[in-house]
Structures are given as structure tokens and as C-alpha cells.
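Welcome! Here is a friendly tour for anyone meeting this model for the first time. Please take a look at the sequence and the structure before reading on.

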Amino acid sequence: MFSTLLADFQIIFERDPAARNWLEVLFFYPGLQAILLHRIAHKLYKTGIPFIPRLISFIARFITGIEIHPGAVIGQGFFIDHGMGVVIGETAIIGNDVLLYQGVTLGGTGKESGKRHPTLGDNVVVGAGAKVLGNIEIGNNVRIGAGSVVLRNVPSNCTVVGVPGRVIYRSGVRVDPLEHGSLPDSEAEVIRALVDRIESLEQQVEKLQHKQAPAPVYHISIAAEDISDAAENEHDKIPTTQGAACQLKNKAIQEFLDGAGI
């Protein structure tokens, strides 16, 4: 118990550059106060003592603005930065050295019984306002971007961004947990790829319009068929100027759709 509390205290100096001395951390860090009270409430909760664990949890919520159910299992080195609005459900399981920012919710998706809250691995970072919902598993070394909504399992060594959360693979790369400014923007990449595709199609249509002679009115149906055939032939002949970005099955688009489960 003492080693766990010591790890919770020491991790603050590693994760928060504003932490200057132990006195400030002990008195003015609601994340530390909330986890200390939770450790006590969880110990009582496991012994089957009624009411008291929930009372301690309620007092911690009133003091810190952080709501942690006494039944939640939390590993060593857990740090909640700022903390206001953080909610952790009853059946949530959190590994070691996990960092949560303000407004994070580790919640359920309904009124189902049993395991209904997420399981987080080691070294997970969850950005401000992110929601991780349901009985899902988040692997080790995962970063979840601010404001993301995660509803599906996430493998280890990944970054998740967006609504719904989309997986961006960064396997084998260790990243700074505070490096939120470098989160990838998958939506921007997909939009860029689609714009490139549209520009390529416009160029092809413009070339076909210059080459195609106007057809007589009384042969309009035949001309339409000829135009369709000519368009198909010209499409095969005209080289694309945008390279891989002009392909419909562009890598960025495919990863975007795969990560969203579409």
C-alpha cells in the first residue's frame, strides 16, 4: 500500500513540469488527493464494508471534482492532471503509469450488468475531454487524443483520435506523453486525398471536353453512348498527375475507414 502511494506521489514530478515541491503537490493537487482517498475506499470496498466506501468517494468528489467509484481497480503511478470532471466507473481497470487529463470519462454505454467499463493497459495517456466507453480494452502505450470518443478495442502502441476514435498505428515508437501538439489529423489527410482525387477527375473531364466534337441533335442517344465509350478509353490513356493521392483506394482514406470500423 505504501509503495503504491509513493509511486502515485513521485509520478507527479515526472509528468507535471509545474510541480515544484512536495508541499504544493500534497496540498494543491486534486488528482493526488482523489487517488489517495480512492485507495482507502477501494480497500474498504474489497472487504465488503457497505456505505463507507461510497461516502469516501462522495467526499473526494466534493473536494476535488473527480469521481472514482470505489470498485475501480487502479495500478501504481496513476496521475490525474488538473482533474476536474474526471469520471471513472465501477468496473474500470487501469494499469500502471496511466495519465488522465481533465474531463476524461471511463464509463459504460448502458445499464448492462457485469464488466461494463473499459480496461486500460500500462503507460496509457488519455487527453482532455476524451470518452472511453463500454467494456473495451485499451492496450499498453496508447495515446488517446483530446475530445476523442473511443468505443472499440485499441491495440498496444497506437494513437487514437477523432469521433468516433480512429486508430493511427505508431507501433514501436515511444512518444512523449505530453506531446499533444503532434497528434495526427486523419480527417485532414483524408480530405486532402479526396481533393487530389477531385482535381485529377476535373483535369480528365476538361481534356475530354476539348477533344470531343459536338454531336448532331438527331443522333443524341448514339452520341451519348460514344461519349461514354470515349470517356472510358480516355480514362485509361490519360496519366494521373497526382500520383498515389489520386487513387480512390488511397492509403490515408483506407486507414481512416478501417480505424473507424466502416
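The buried residues of α1 pack against α2, α3, β3 and β6. Here helices (H or I, at least four residues) and strands (E, at least two) are DSSP runs, numbered from the N terminus. Buried means under 20% relative accessible area, exposed over 50%, and partly exposed in between, with a 1.4 Å probe and protein chains only. This is a predicted model, where local features need pLDDT of at least 70 and side-chain atom pairs count only at pLDDT 80 or more, while totals for chains, interfaces and linings use all residues. Residues are numbered from 1 along each chain as its sequence is written, and side-chain values use heavy atoms, with hydrogens and water left out.

In α1, the buried residues are Thr4, Ala7, Asp8, Phe9, Ile11, Ile12 and Arg15. The helix has 14 residues and reaches 20 Å from its first C-alpha to its last, close to the 20 Å expected at 1.5 Å a residue; the expected span is 1.5 Å times one less than the number of residues.

The structure holds 1 aromatic pair. With ring centres 5.5 Å apart and planes at 70°, Phe9 and Phe13 form an edge-to-face pair. Rings of Phe, Tyr and Trp (its six-membered ring) pair if their centres lie within 6.5 Å; planes under 30 degrees apart count as stacked, over 60 as edge-to-face and the rest as tilted. Both residues lie in helix α1, 4 residues apart, about one turn of the helix. Phe13 is partly exposed, with a relative accessible area of 34%.

Just after α3, Gly48 takes a positive phi of about 90°.

His38 lies in this helix and counts as buried, at 4% relative accessibility. Leaving aside neighbours within four places in sequence, His38 is in contact (heavy atoms within 4.5 Å) with Ile68, His69, Pro70, Ala72 and Ile74.

## A parallel sheet

Ile74 leads us to the strands: its bridge partner in β5 is Ile94. β2 and β5 pair in the parallel sense over 2 bridges; two strands pair if DSSP finds at least two bridges between them. They belong to an open sheet of 4 strands in the order β2-β5-β8-β11, with parallel pairing. β2 and β11 stand at the edges with a single partner strand each, so one side of each has no neighbour in the sheet.

## The nonpolar core

The largest nonpolar core has 41 residues, and those with the most contacts inside it are Phe78, Ile88, Leu100, Val126, Ile138 and Ile144. Helices α1 and α3 and strands β3, β6, β9 and β14 each supply at least two residues of this core. Such a core is a set of buried Ala, Val, Leu, Ile, Met, Phe, Trp, Tyr and Cys residues joined through side-chain atoms within 4.5 Å.

## Backbone details in the loops

The peptide bond from Val163 to Pro164 is cis, with omega near -5°, and Pro164 sits in the loop between β14 and β15. Asn123, in the loop between β8 and β9, has a positive phi of about 60° although it is not a glycine.
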